[in-house]
2 protein chains.
Amino acid sequence: MSGGMRSAVVAVGDELLLGDIVNGNAAWLGERLAAAGAPVVHSSMVGDDVERIATAVRRALEDADVVLVTGGLGPTSDDVTRDAVAAVAGVPLERWPDLEQGLRERFAAYRFEMPDTVLRQADVPKGAAPLDNPVGTAPGLRIDVDGRLVFALPGPPHELAAVATGGVLAEIATRSGTVGLTRTLHCAGRGESNVAEIVERTITVPPGVDLAYLAGGAVVRVRLTTVAPTVADADRVLAPLVDALVEALGDTVFGRDGDTLPGVVLRRLTAAGSTVAVAESLTGGLVGAALSELPGSSAAFRGGLEVYATDLKASLAGVPEQVLAEHGAVSPQTAQALAVGVRERLGATYGVGLTGVAGPDEQEGKPAGTVHAAVAGPDGVRVVTVRLPGDRQRVRLLAVTSALDLLRRALPPEHP
Amino acid sequence: MSGGMRSAVVAVGDELLLGDIVNGNAAWLGERLAAAGAPVVHSSMVGDDVERIATAVRRALEDADVVLVTGGLGPTSDDVTRDAVAAVAGVPLERWPDLEQGLRERFAAYRFEMPDTVLRQADVPKGAAPLDNPVGTAPGLRIDVDGRLVFALPGPPHELAAVATGGVLAEIATRSGTVGLTRTLHCAGRGESNVAEIVERTITVPPGVDLAYLAGGAVVRVRLTTVAPTVADADRVLAPLVDALVEALGDTVFGRDGDTLPGVVLRRLTAAGSTVAVAESLTGGLVGAALSELPGSSAAFRGGLEVYATDLKASLAGVPEQVLAEHGAVSPQTAQALAVGVRERLGATYGVGLTGVAGPDEQEGKPAGTVHAAVAGPDGVRVVTVRLPGDRQRVRLLAVTSALDLLRRALPPEHP
């Protein structure tokens with residue numbers, strides 16, 4: 001929470017207060033403002049009301065050197081952020097002819113009739129500068145209020161990102177004179193308290209460095225953050241800590257920073273010239289969806305079988321009827337036969353088999369959360385059995401992580 | 001935004017400001033407070049700091065009759081919400097012996113060693129009442145501050161839900177003397193502006209009723225909200241509007257209120273005693289995942305084929321090599337052959353076939369966003385071709401909706 005500057009975020013929109021949408025913009029900005037050396041100290045949401053927005057911005061200016069307002073810049077009558085910003089600065093709105101011209105041309109090009117309210121987007125508080133919005137009609141605004149900076153940014157996330165990264169975040173970083181650097185290690189196969197125990201006996205966190213654990217979806221992220229004048233300075237502080245943790249945590253660490261478990265698995269498969277196919281039951285298709293979420297996944301992901309009904313485990317994936325009859329559809333033996341069968345039938349280097357009870361009800365006398373995962377590869381088959389916590393949705397997501405982590409551990413490591 | 005009472009939410013936690021987690025609690029409470037007749041007028045996020053939390057609660061009390069604070073009630077030293085609430089009320093913290101005893105027994109039962117900081121959870125501001133938390137160690141708090149109510153609730157979403165629904169929301173609803181009622185129609189197959197046009201020529205929105213359009217994932221939700229002394233009063237206002245819209249929008253409406261598209265499809269299939277199987281390419285497994293997300297889906301969802309690699313479209317789903325060679329893997333003909341093939345091979349009443357280009361790169365000279373969906377059933381085959389906007393993730397999600405909506409339209413309607 002330390003840094004060269006302090007920032008605040010004000011998100012505008014009735015739909016945020018009513019819970020129709022979650023305030024993802026605040027989280028997006030929070031991460032980037034910390035990296036720009038201006039961590040967020042206060043964030044608020046207000047409805048589409050001039051007075052309430054103005055009050056929120058004034059309060060934010062008490063706490064922060066820079067205030068970012070998101071939303072309320074659109075063309076309809078309930079978009080009143082520019083009026084509120086003008087009120088806070090104590091200046092009138094002025095219509096900019098070149099912005100008006102741009103809006104008229106844009107509508108003419110699409111052959112749409114232009115409602116007059118659209119022209120409100122050409123209004124700029126006196127003394128403010130419009131910020132180019134390359135992906136929408138509403139420009140952002142930048143204005144100096146008694147030596148502090150207020151930016152008004154559009155609410156649609158892709159427009160916010162376009163305007164914020166088009167100069168706003170860079171100006172804040174330059175002004176703050178510092179950068180916040182974050183290094184993250186992604187861990188799977190150990191619980192949070194177990195990871196924390198290893199971390200805390202391995203490193204002593206020096207002053208000025210924050211250590212945090214973020215757990216979710218059976219992945220534990222260990223995050224180190226520091227603030228310094230330059231990235232190189234920050235890296236000199238964090239790099240030895242990260243190296244020590246990678247050494248101590250061993251193969252619990254599957255990736256760093258922007259890595260994801262499916263991304264790491266695909267990278268390892270592709271590097272080895274190998275392919276994978278999956279046969280999944282309780283997850284319905286989630287493992288295949290994860291393995292195909294990234295561009296280029298067709299280099300390693302061949303496809304899979306959604307063997308939800310028990311008879312399909314036999315007819316599609318070749319699980320012997322005897323295995324199903326003796327051990328049940330939810331059994332280590334069935335997971336193993338699914339992995340072996342899909343590997344052979346889909347012609348892949350590795351086969352993944354996954355079966356279990358998503359819940360809420362038990363199945364074959366086995367309780368919800370019982371999951372068996374198997375990986376078949378050139379060196380044989382591995383099977384794991386886990387008992388996963390949570391509701392149906394959580395069990396399915398954790399099962400995906402279990403299966404992908406088992407696959408990762410069967411693959412040649414990236415850093416030999 | 002009208003109502004008998006006004007509420008405010010203060011969410012506590014450094015992780016919210018840093019963007020590590022999105023403030024889903026504020027959205028969850030926003031929806032329920034509106035329904036309790038106490039819509040949220042202001043929502044804020046602050047870090048783990050006594051002064052900042054206290055300031056945020058004081059500001060919230062200026063705006064609202066009831067303030068809900070989430071998070072910062074846990075056992076560690078950075079959990080300081082109870083100190084901040086005590087500071088706002090101007091009272092000291094008192095340790096409640098029976099709460100302390102409960103914590104000691106809980107830890108003894110698990111045979112865990114209990115750090116002393118855990119006992120902070122037995123501290124209650126003088127004059128406040130603890131709120132039972134049936135799913136965690138941290139009780140909530142309820143305190144009267146100059147005639148206004150402050151509730152402190154735990155941050156983990158399932159604990160928040162347990163404590164809020166265990167009396168907090170009911171007390172607020174009773175105090176407000178009003179209820180907010182919301183009726184939602186879920187539409188697919190028309191764009192937002194097209195739906196709005198039909199709505200606006202069909203009904204005149206009376207005073208006291210809010211109309212909103214919420215679009216996302218190729219689904220447009222039309223939402224009507226009103227506030228009244230009782231649910232029956234509110235329903236008398238909304239029911240005729242809803243009936244008129246259902247009539248005018250016709251089969252564009254696939255569901256109401258808590259419905260989802262996969263849920264409606266499964267309900268119709270189950271009611272008809274029919275089953276479905278899917279063969280999906282660009283979505284990797286997302287259609288199967290959607291059709292298996294609800295409990296009881298095994299009654300209608302048999303399974304599917306993830307035919308990501310082109311050769312699997314032939315070998316697994318039986319798409320003729322000639323179709324692939326002549327028209328390509330991304331073609332209406334291939335979608336049709338996938339639907340017919342999977343229906344037959346997996347023994348289902350309906351087969352769904354889905355192929356397309358998720359992007360970012362084009363494929364077979366077809367641009368990203370090109371998607372062909374087909375449904376084969378007892379009455380033949382339907383195929384649709386759409387050009388979907390957005391990035392890879394968005395194209396895949398919209399493709400799932402396109403396929404499920406095509407399937408819905410092929411099924412016998414629910415209200416004949």
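The side chains of D257(A) and R183(A) meet in a salt bridge, with 3.8 Å between N and O. This pair links distant parts of chain A, since D257(A) sits in the loop between β12 (253-256) and α9 (261-271) while R183(A) belongs to strand β9 (residues 179-188), 74 residues apart. The structure shown here is a predicted model, and the predictor gives the complex an ipTM of 0.86 and a pTM of 0.86.

**Confidence in the model**

- Chain A averages a pLDDT of 93, and 98% of the residues of chain A score at least 70.
- As a caution for reading any model of this kind, where pLDDT is low, the predicted coordinates should not be read in detail.

**How the two copies are related**

**The interface between chain A and chain B**

- The contact takes 59 residues from chain A and 59 residues from chain B.
- The size of an interface is often given as the accessible area lost when the parts come together.
- For chain A and chain B, the buried area is about 4900 Å², and carbon and sulfur atoms give 54% of this area.
- Within chain A, the residues that lose the most area to chain B are R59(A), R302(A) and E306(A), which together make up 14% of what that side buries.
- Between chain A and chain B, 28 residue pairs are in polar contact, and nine salt bridges are found across the interface.
- Strand β2 (residues 40-46) of chain A supplies the largest share of the side of chain A that touches chain B, namely seven residues.

**Salt bridges that cross between the chains**

- Over all chains, the structure holds 35 salt bridges.
- One of them joins D63(A) to R59(B), with the closest N and O atoms 3.7 Å apart, and this pair crosses from helix α3 (residues 50-63) of chain A to helix α3 (residues 50-63) of chain B.
- Both partners in this pair count as buried, because D63(A) has a relative accessibility of 13% and R59(B) has a relative accessible area of 10%, values that fall under the 20% limit for a buried residue.
- D63(A) also forms a salt bridge with R52(B), where the closest N and O atoms are 4.0 Å apart.

**Salt bridges within a chain**

- Returning to the pair in chain A, D257(A) is partly exposed, with a relative accessible area of 35%, and R183(A) is likewise partly exposed, with a relative accessible area of 26%.
- In chain B, the side chains of R142(B) and E171(B) meet in a salt bridge, at 2.7 Å from N to O.
- R142(B) is partly exposed at a relative accessible area of 23%, and E171(B) counts as partly exposed at 22% relative accessibility.
- Turning to links between salt bridges, shared partners join E62(A), D63(A), R52(B) and R59(B) into one network.

- T334(A) is found in helix α13 (residues 332-345) of chain A, and T334(A) is buried, with a relative accessible area of 0%.
- Apart from its neighbours within four places in sequence, T334(A) is in contact with several residues, among them K313(A), V319(A), V323(A) and T355(A).
- T334(A) and K313(A) are 21 residues apart in sequence, and their C-alpha atoms are 8.4 Å apart in space.
- In chain B, S331(B) has its place in the loop between α12 (321-327) and α13 (332-345), and S331(B) counts as buried at 2% relative accessibility.
- Once its neighbours within four places in sequence are left aside, S331(B) is in contact with T355(B) and H372(B).

Definitions and conventions
Residues are numbered from 1 along each chain as its sequence is written. Chains are lettered from A and ligands numbered from 1 in the order in which they are written. This is a predicted model: local features need pLDDT of at least 70, side-chain atom pairs count only at pLDDT 80 or more; totals for chains, interfaces and linings use all residues. Side-chain values use heavy atoms; hydrogens and water are left out. Helices (H or I, at least four residues) and strands (E, at least two) are DSSP runs, numbered from the N terminus. Buried means under 20% relative accessible area, exposed over 50%, partly exposed in between (1.4 Å probe, protein chains only). Contact means heavy atoms within 4.5 Å. pLDDT is the predictor's confidence in each residue, from 0 to 100. Buried area is the accessible area (1.4 Å probe) that two parts lose on being put together, summed over both. A polar contact is a pair of N or O atoms within 3.5 Å; within protein, one must be able to donate a hydrogen and the other to accept it, and residues adjacent in sequence count only if both atoms are side-chain atoms.
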